Amino acid sequence: MRSYRSLFRTPEFTPFLLSFAAFAAAQTIGGLALATLVYGATGSPFLSAVSMVGPQLAQLLGGAFLLSTADRLPPRAILTCLALAFAACTAVLALPGLPVWAVFGVILLQGLVASLGGGVRGGLLNEILTKDGYVLGRSVYNMLWGLTQMAGFATGGVLLTLLTPGTCLLLAAALYLVAALVTRVGLTARPARSSGRPSVSATWRSNALLWSSRPRRLAYLGLCVPNGLIVGSDSLYVSYAPEAAGMLYACGALGMFVGDMAVGRLVPPAVRPRLATPLRLLLAVPYLFFFLQPGVALSAVAVTAASVGFAASLVLQERLLSLTPDDLTGQALGLHATGMTAMQGIGTVIAGTLAQLTSPATAMTLMAGASVTVTLTLATLDRREERKPAVRRPGTPAPTARR
């Protein structure tokens, strides 16, 4: 599958994207409205920021306890219930006079529920598309997420000048209901990918199984660590160039869009596996020049070029899926999403600490140097793994090579 025309002719792909777009728009508008509401009630920038990223942080708990659900329940049912749960929680957050402790309790619940979303959607996309269409489809999914975020924040900002935060939260709840309706009507009922009941012990067993394979471990580390370190650099735009931070974030979104489109649509499948290391290096190397404290124009060029490297995730996700049994694809992708979220949070904390001790420019350079070091180390370990001869018992046939 090498064209967008054939991709959008695939049954269920369009409703899959539409339901995700409605969900993402609701998440963006609702998050901005909630942060505004919390700041107005508390006057605390810290609590306002935590309210906006709280569900992402809470996903770590969900990843540890709930991920087995991604493969052990029907995907359409999970996604429909996920959207309905978010609609209900967002409506509760819109209640006037809700105590701050109750707000953060609802945020924790949202994060636990949201931990299922990445794995379920990734596994379902892998079922909707043919194997040769996953990377192209995932690139469109990523581009849609970036565009929806930009449009959602812009729309949310306008709405907050016209309406109260509570009203904006109710609009977000309505968008979640739209996502649930499109999911229920537009997608086919599919059975669970794996048998057995979801449980904490099942989550731990499957996570341990996924992590037990050295090639999969290297894929997970490649997906999460270089990416997370550079997101830490991204978090310093405001302190590096307060007057141009918005433009730098927009340039980053543009670079990600170009990278996803190029890797998903233009790069031949035979070439993609060789791009994992170059793209991860591209993600970090332009930030090394921030030590020279370039002006806004050169910074924008560097950020745009570096953000193209985020497309490495497409290549590494394809590798991860090739190494994962079909009945664990949902949990495998959910574990990736959880690990990536965790590493991005850790990278942001490290970068902020370094900037406090040195300067934003120096911190961005150090984070980029760490990302390059990790990428080169993982590339060396990957080469050793590829050269390692297969171990088999006497009398058994040699295994078939698997890409």
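Select helix 8 (residues 134-162) and helix 16 (residues 312-322), whose axes come within 10 Å and cross at roughly 135 degrees. Helices here are DSSP runs of H or I with at least four residues, numbered from the N terminus. The axes are lines fitted to C-alpha atoms over the stretch in contact, and the angles run from 0 to 180 degrees between N-to-C directions. The two helices are therefore oblique to each other; angles under 35 degrees count as roughly parallel, over 145 as roughly antiparallel, 65 to 115 as roughly perpendicular and the rest as oblique.

This is a predicted model, in which local features need pLDDT of at least 70 and side-chain atom pairs count only at pLDDT 80 or more, while totals for chains, interfaces and linings use all residues. Residues are numbered from 1 along each chain as its sequence is written, and side-chain values use heavy atoms, with hydrogens and water left out.

Stay with this pair. Helix 8 passes helix 16 in a right-handed crossing; a crossing is left-handed if the near helix is turned anticlockwise from the far one by less than a right angle, and right-handed if clockwise. To see the contact, select Tyr134, Val135, Arg138, Ser139 and Asn142 of helix 8 together with Ser313, Leu314, Gln317, Glu318 and Leu321 of helix 16. Contact means heavy atoms within 4.5 Å. By class, four of these residues are nonpolar, four polar and two charged. Ala, Val, Leu, Ile, Met, Phe, Trp, Tyr, Cys and Pro count as nonpolar, Asp, Glu, Lys and Arg as charged, and the others, Gly among them, as polar.

Nine of its 11 residues are buried, so the helix is largely enclosed by the rest of the structure. Buried means under 20% relative accessible area, exposed over 50%, and partly exposed in between, with a 1.4 Å probe and protein chains only. The buried residues of helix 16 are Ala312, Ser313, Leu314, Val315, Leu316, Gln317, Leu320, Leu321 and Ser322.

Next, select helix 11 (residues 214-234) and helix 18 (residues 360-387). Their axes come within 8 Å and cross at roughly 170 degrees, which means that helix 11 is roughly antiparallel to helix 18. Helix 11 passes helix 18 in a left-handed crossing. Residues in the contact include Leu218, Leu221, Val225 and Leu229 of helix 11 and Met367, Val374, Leu378 and Asp382 of helix 18. By class, this contact has 14 nonpolar, five polar and three charged residues.

Zoom in on aspartate 382, which is in helix 18. At 14% relative accessibility, aspartate 382 counts as buried. Leaving aside neighbours within four places in sequence, aspartate 382 is in contact with Leu218, Arg280 and Arg319.

The next pair is helix 5 (residues 75-93) and helix 7 (residues 117-128). Their axes come within 10 Å and cross at roughly 140 degrees, so helix 5 and helix 7 are oblique to each other. Helix 5 passes helix 7 in a left-handed crossing. By class, the contact has six nonpolar residues, one polar and one charged.

From there, go to arginine 190, in the loop between helix 9 (165-186) and helix 10 (200-212). Arginine 190 counts as buried, at 17% relative accessibility. Apart from neighbours within four places in sequence, arginine 190 is in contact with Glu12, Pro74, Pro75, Leu124, Glu127 and Ile128. Arginine 190 and valine 135 are 55 residues apart in sequence, and their C-alpha atoms are 22 Å apart in space.

Glutamate 12 counts as buried at 13% relative accessibility. Most residues other than glycine have a negative phi. The phi of glutamate 12 is near 80 degrees, a positive value.

Glutamine 293 also has a positive phi, of about 50 degrees, although it is not a glycine. Look for glutamine 293 in the loop between helix 14 (276-288) and helix 15 (296-308). At 53% relative accessibility, glutamine 293 counts as exposed.

The last stop is helix 6 (residues 100-114). Its 15 residues reach 21 Å from first C-alpha to last, close to the 21 Å expected at 1.5 Å a residue; the expected span is 1.5 Å times one less than the number of residues. Within helix 6, select Ala102, Val103, Val106, Ile107, Gln110, Gly111 and Ala114, which are buried.
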